[in-house]
Amino acid sequence: MRRRVVATLLLALAGAAGAQTYTGPIFDAHLHYNDEAWQAEHTLPDVIGRLQRSGVRAVIANSRPNDGTKTLAAAREQTRAAGITVVPFVRLYRNRADYTGWFADESIHTMVLSELAAGTATGPYRGLGEFHLYDSANANGPVAAKLMQLAQERNLAVLAHVDDTAIDLLMAHAPRARLIWAHTGIGGASVERVHALLQKYPALMGELSYRPGLTGAGGALSAEWKALLTAFPERFLLGSDTWINARWAGYEGLMADARRWLADLPAPVARRIAWENGARLFGLPLTVD
Ligand SMILES: [Zn+2]
C-alpha cells in the first residue's frame, strides 16, 4: 500500500515539474552505510525511510568497517516491511588508512576470508568492495590479485573504483570475475573506451554514480551516453554512493535525478538499468509490486 502511495507521489511530482520521470523500482548498486552515518543522524529508521521514499527495492550494502553492513543486514524485519532486499558486500577497509594499502596487505585478505566465513544475518556476502585503486599499477598488488581470484572462484561480484587501465589488469587476474566498475570511470574514460571494455569483457558491468558526462543541461541524459546505454542495456546499474553523510542527506534528490535521466531512455532500457540488471545479477525477482 505504502509503495503504491510512493509511486503515485513520484508521478504527481513529475507532472508538477512538467518533465518525464521513471517510476519503477530501483536497485541501488553502490550504497555505503559507514560508521559516521549510523552513529549519527542516519539511523536505521532514517535510511530505510529514505530508501522507501525513493522507491529503492534493493541495495548493494557495504561499509567501513563492515559493522554498518551487518547492522543493515540484521534489520530483517524493518527492511522486509519496507520491501527492501539487502545484498551485502565485504568492504576491504577497517579504517581510512586501508584505502591506500589494502592491495598489498595480507591482513586484509585474512579479514575478507573471516567475514565470508561468518556471513551476515540476511545470508552470505555476495560480493567484495567497494575498493579503490588510485594508481592503476596497484591492481597487480598480491592481495588485489588474490581477491580477484577468490571472487571468481566463489562467484562473488566485485565493486571497484578504478580507472580503465586497472580494469584490464584486474580482469587479467580473473577473466570470468563479475566486475562492477564503480562510476564507470570517474576520471572520465571516453565513451569509446567504455564501449570497448564492455565488448572485451562480457561480465563487466558499469555503475553510473558520479559519472562525468552522463547528464547535461537540466539533468537530461547526454546524447553519447544515451547511445551507449541503449547499445548495452543489460550492462549498467544505478548507484547512490553514500560515501559521506551529505550523500545520505540528499539521498532522495539523487534518486530523483536518476529518475529524471532514466526517462530519456526507452522504457524497457530504463527499467533494466534501474532494476532488472541488479536483480538478475543477484537472483532477485525481475518483477516487484
Ligand atoms: Zn563509493
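Helix axes here are lines fitted to C-alpha atoms over the stretch in contact, and angles run from 0 to 180 degrees between N-to-C directions. Keep that in mind for the first stop. The model is predicted.

**Stop 1: two helices**

Select helix α8, residues 164-173, and helix α9, residues 191-200. They pack at an angle of about 10°, with axes 11 Å apart. Angles under 35 degrees count as roughly parallel, so α8 is roughly parallel to α9.

Now show side chains. From α8, pick D164, T165, I167 and D168; they meet R193, L197 and K200 of α9. The contact residues comprise 2 nonpolar, 1 polar and 4 charged.

**Stop 2**

Trace one pair. H32 sits in strand β1 (residues 26-32) and E130 in strand β4 (residues 127-132), so placed that the pair links distant parts of the chain, 98 residues apart. H32 and E130 are both buried.

**Stop 3: A157**

Move to strand β5, residues 157-161, and select A157. Is A157 buried or exposed? Its relative accessible area is 0%, so A157 is buried.

Beyond neighbours within four places in sequence, A157 touches F89, R126, G127, L128, R178, I180 and F282. Finish with L281: its C-alpha atom is 8.5 Å from that of A157, although the two residues are 124 apart along the chain.

Definitions and conventions:
Residues numbered from 1 in each chain as written. Predicted model: local features only at pLDDT ≥ 70, side-chain atom pairs only at ≥ 80, totals over all residues. Heavy atoms only, no water. Helix = DSSP H or I, 4+ residues; strand = E, 2+ residues; numbered from the N terminus. Parallel < 35°, antiparallel > 145°, perpendicular 65-115°, else oblique. Contact = heavy atoms within 4.5 Å. Nonpolar A, V, L, I, M, F, W, Y, C, P; charged D, E, K, R; others polar. Buried < 20%, exposed > 50% of the residue type's maximum accessible area, 1.4 Å probe, protein only.
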